[in-house]
Amino acid sequence: MQFRFFRIVAAAAVVLAACAGDGAAAEDIAIVETALPGEGQRPQAMVVAPDGNLWVTDVIKHQIFRIAPGGAMTPFRVPGEAVGVLQGIAFGPDGHIWFTSREENAIRRMSVTGEFNGTFVIPSQATKPTQLNKGAWPRGITVGPDGQLWFAEMAANKIGRITVNGEFTEFAIPTEDAQAYGVVTGPDKNLWFTESGAGKIGRLDIKTGKITEFALSSPQARPRDITVGPDGHLWFSMNGTDRIGRISMQGEIAEFPLPADTKPIGIATGGDGNVWFTAFKPNKIGRISPAGVVTLFDLKTANAQPFGMTAGRNGEVWISLQANHIGRVELSAKPAK
């Protein structure tokens with residue numbers, strides 16, 4: 001079932017304030033950018049564990065990085081001859097790190113001490129296999145409302161669930177070639193996901209398996225990552241139409257325009273009561289208040305390629321910069337208006 005109920009917030013209602021190139025402004029934030037040890041790494045997905053350690057996937061050298069609160073960085077090379085692109089990561093209810101492995105068509109598991117102790121092959125394959133990818137293309141992964149791991153199957157057109165014992169259940173998405181990307185547990189205890197190939201947001205009732213889809217203003221919206229906002233709604237990036245979207249638990253959508261070629265991807269809620277996002281094309285990160293006011297902040301690293309984003313244990317926001325760096329945004333506790 002599909003619903004279409006959205007509104008586009010007038011551009012005049014979105015105030016843009018570009019800030020100084022040092023990444024800090026009179027708005028009481030500071031952006032710290034740190035190079036990863038070694039060269040040529042491309043960090044993407046991120047998650048913060050309850051102990052404060054940050055875990056990051058590296059899609060070039062097939063590693064998982066652990067970054068301690070004090071700054072110590074430890075790489076763990078993922079074993080296996082077929083390991084390729086690692087694009088999703090989550091901290092599981094069993095205290096392990098779970099991540100998606102595209103070329104292996106699998107969900108992998110590792111301990112917090114770096115022991116790789118599970119490779120679980122996804123039952124499905126791509127609906128339209130290519131030379132690049134023949135598998136389900138597992139993308140985002142998260143802990144679901146039932147305490148299991150849920151993930152997007154971008155090429156198999158499904159949403160998957162895996163128990164901590166490695167048992168799979170899959171749910172077909174009604175729209176063909178939807179290209180599910182990001183997944184999140186909503187405040188309503190349903191699983192929500194973005195359909196990057198169809199310009200829709202999906203909601204999966206985990207009790208019945210029913211999927212409801214909500215169409216965005218454009219099929220080319222390419223929604224990517226999705227997060228629970230400070231207002232109890234879900235917020236998501238719209239990479240194809242340069243907008244930030246918001247959807248209520250009833251499926252009411254608002255879209256907030258960004259400057260042309262912003263190309264947002266990662267998104268997270270900060271401890272300051274605002275939603276933050278990565279602005280890939282202009283080499284910035286952005287902040288949007290619950291009222292829709294947008295501010296962009298420059299990054300220091302040249303061609304940083306800001307990609308993933310996650311919230312830290314102490315309210316900070318972490319950013320993966322594909323140019324071999326990790327960023328941290330230290331925030332005040334005062335929400336923007």
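**A walk through the predicted model**

Ser111 is buried, for its relative accessible area is 9%, and the limit for a buried residue is under 20%. The model examined here is predicted. Ser111 is located in the loop that runs between β11 (106-110) and β12 (116-121). Its surroundings can be described in two steps. The side chain of Ser111 forms a polar contact with the side chain of Thr113, at 2.9 Å. When neighbours within four places in sequence are left aside, Ser111 is in contact with Trp55, His96 and Asn117.

Two other loop residues may be considered next. Asp177 belongs to the loop between β16 (168-172) and β17, and Lys263 to the loop between β24 (253-257) and β25. Asp177 has a phi near 50°, a positive value in a residue other than glycine. Lys263, also not a glycine, has a positive phi near 55°. Asp177 is partly exposed because its relative accessible area is 31%, a value between the limits of 20% and 50%. Lys263 is likewise partly exposed, with a relative accessible area of 23%.

The hairpin of β26 and β27 has four residues between the strands, and Asn283 takes a positive phi near 65°.

How many of the five residues of β26 (residues 275-279) are buried? Five of the five are buried, and the strand is mostly covered. In a regular strand the side chains alternate between the two faces of the sheet. In β26, Val275, Phe277 and Ala279 are on one side and Trp276 and Thr278 on the other, and both faces are covered.

The last stop is the largest nonpolar core, which has 14 residues. Those that touch the most other members are Trp150, Ile159, Ile173, Leu191, Phe193 and Leu204. Two or more residues of this core come from each of the elements β14 (149-153), β17 (180-185) and β18 (191-195). In soluble globular proteins, nonpolar side chains tend to be buried together. Not counting residues up to four places away in sequence, Phe193 touches several residues, including Ile159, Ile173, Val183, Leu204 and Ile211. Lys200 and Arg203 are also among the residues that Phe193 touches.

Notes. Residues are numbered from 1 along each chain as its sequence is written. This is a predicted model: local features need pLDDT of at least 70, side-chain atom pairs count only at pLDDT 80 or more; totals for chains, interfaces and linings use all residues. Side-chain values use heavy atoms; hydrogens and water are left out. Buried means under 20% relative accessible area, exposed over 50%, partly exposed in between (1.4 Å probe, protein chains only). Two strands pair if DSSP finds at least two bridges between them. A nonpolar core is a set of buried Ala, Val, Leu, Ile, Met, Phe, Trp, Tyr and Cys residues joined through side-chain atoms within 4.5 Å. Contact means heavy atoms within 4.5 Å. A polar contact is a pair of N or O atoms within 3.5 Å; within protein, one must be able to donate a hydrogen and the other to accept it, and residues adjacent in sequence count only if both atoms are side-chain atoms.
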